[in-house]
Amino acid sequence: MTRPSGITDAAPSGLDLLVDGRLETLREAGLEREIPRVEPLPPLGRMGAKVGGREAVVFCSNDYLGLSTHPEVREAAARAAAGRAGSGASRLVTGDSEIHRELEERIRDFKGVEAVLLFNSGYHANLGAISTLAGRDTEIFSDRLNHASIVDACVLSRARVRRYPNRDVDALEGLLKKSASRKKLIVTDGVFSMDGTVAPLTEVAELARRYGAALYVDDAHGSGVLGENGRGTLEHLGVEDNDIIQMGTLGKAFGSFGAFVAGPRRVIDLLVSRARPFIFTTALPPSVCAAASKAVEVASSDPTLRKRCLANAERVRRGLNKMGLDTLGSATQIIPVLTGDPVETMSLTEKLLDRGVFIQGIRPPTVPEGTSRLRITVSTAHTDEDIGSALAKLADCTGRTR
Ligand SMILES: *Cc1c(COP(=O)(O)O)cnc(C)c1O
């Protein structure tokens, strides 16, 4: 290829300018990411997989209730897929079907809300809902540890964003007090995805009422797991307020894919007309909706599933704390083990994998600088042996005694 005259061979190409050096920098900082080769192993319903050629029990899946392999859930997906594999268009054109509506109604009844709208993922749901609710004239109050999709949604909304220290209700109140904006939106994770801690929603909801702010809760990790009926973090904390808007994903506890926004009818009506990540994308495939619908039915009719998940998590957490490992205040099925250094974290992940336990290491920018960690997620599908053996190997690899 010849270059236009006047440009020497030494000049970097347009692509070089955008890419060159950055991969190098990531590599040097131990921050380059690689997709692990994961192949699920039989038997179905166990957390076994071959990871990078090594057989391991997986302790970093968000399939909290083991529903991704539940026989009725898989059967529902297969039955729906016998019709059409894809939905063919957005919901507002021809992508809608009875299966989509049934799923929305089932989630509505399960969550005990007025209305529900499906999105193609939790990422889409946060982008769509937050950027629709908030605009240039809005001030958003966002917890510092909120999920990346919330951070991106805030940018997309063009609203003024105030970040408050994680779970710090006094700091939040300070910001609300100072605010001169008429339109205010508080956004928080229900369960913080990298810490496994629970947001102080009782206090946050009270502040929202007192200062005339709307409240949006991303309950990606609470939905299906926490609360008397598995409705999520609000139920867990006994917070009742029909104006609160909730997001939940169908790809975690519900073992399928997709997500939803649940709340007042008028919010859902506005999203249908204005949320670009809902309007300008193809509707979820019917098979995915059918699986999710069955999963919601199974999860809400069998409370033992979530109870076992949380009991398993309690056992793991107690074991780790007995070894003197810092689990950062985790109170849910997400249990971090603080390691600090990113390179050390990834080498710990490798060591554990060599011994048959897969726990992914989490590094910046997913977590703040200096707080790299192993992020353990516990599932109903883990057996007592899985847990005992994982704890023994964690003790071994971290040089602790049990
Ligand atoms: C996983 C997650 C999301 C995104 O959900 P997906 O359905 O996986 O796109 C959003 N928020 C939080 C807190 C999450 O953990």
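I looked up the lining of the largest cavity first: six nonpolar, four polar and one charged residue. (Nonpolar is Ala, Val, Leu, Ile, Met, Phe, Trp, Tyr, Cys and Pro; charged is Asp, Glu, Lys and Arg; polar is the others, Gly among them.) This is a predicted model, where local features need pLDDT of at least 70 and side-chain atom pairs 80 or more, while totals for chains, interfaces and linings use all residues. Numbering starts from 1 along each chain as its sequence is written, and side-chain values use heavy atoms, without hydrogens and water.

I noted R91, H100, N120 and F278 among the residues lining that largest cavity. Both β4 (115-119) and α12 (276-279) give two or more residues to its lining. Its volume is about 70 Å³. (A cavity is a set of points on a 1 Å grid over the protein atoms alone where a 1.4 Å probe fits but cannot get out; lining residues have an atom within 4 Å of a point.)

Next I checked the second largest cavity, about 30 Å³. Helix α16 (residues 384-398) gives the largest share, four residues.

Then I turned to helix α8 (residues 169-178), where L172, E173, L175 and L176 are buried (under 20% relative accessible area, 1.4 Å probe, protein chains only). They fall within an arc of 160° seen down the axis, so they line one face of α8. On the other side, D170, K177 and K178 are exposed (over 50%). At the N-terminal end, D168 caps α8, with a side-chain oxygen 3.2 Å from the backbone nitrogen of D170.

Methods
Arc of directions from axis to C-beta. Polar contact = N/O pair within 3.5 Å; in protein donor to acceptor, adjacent residues only side chain to side chain. 1 Å grid on protein atoms, 1.4 Å probe; cavity = no way out; pocket = protein on both sides within 12 Å on 5 of 7 lines; lining within 4 Å. Points joined across faces, edges and corners; volume = space filled by probe spheres on them.
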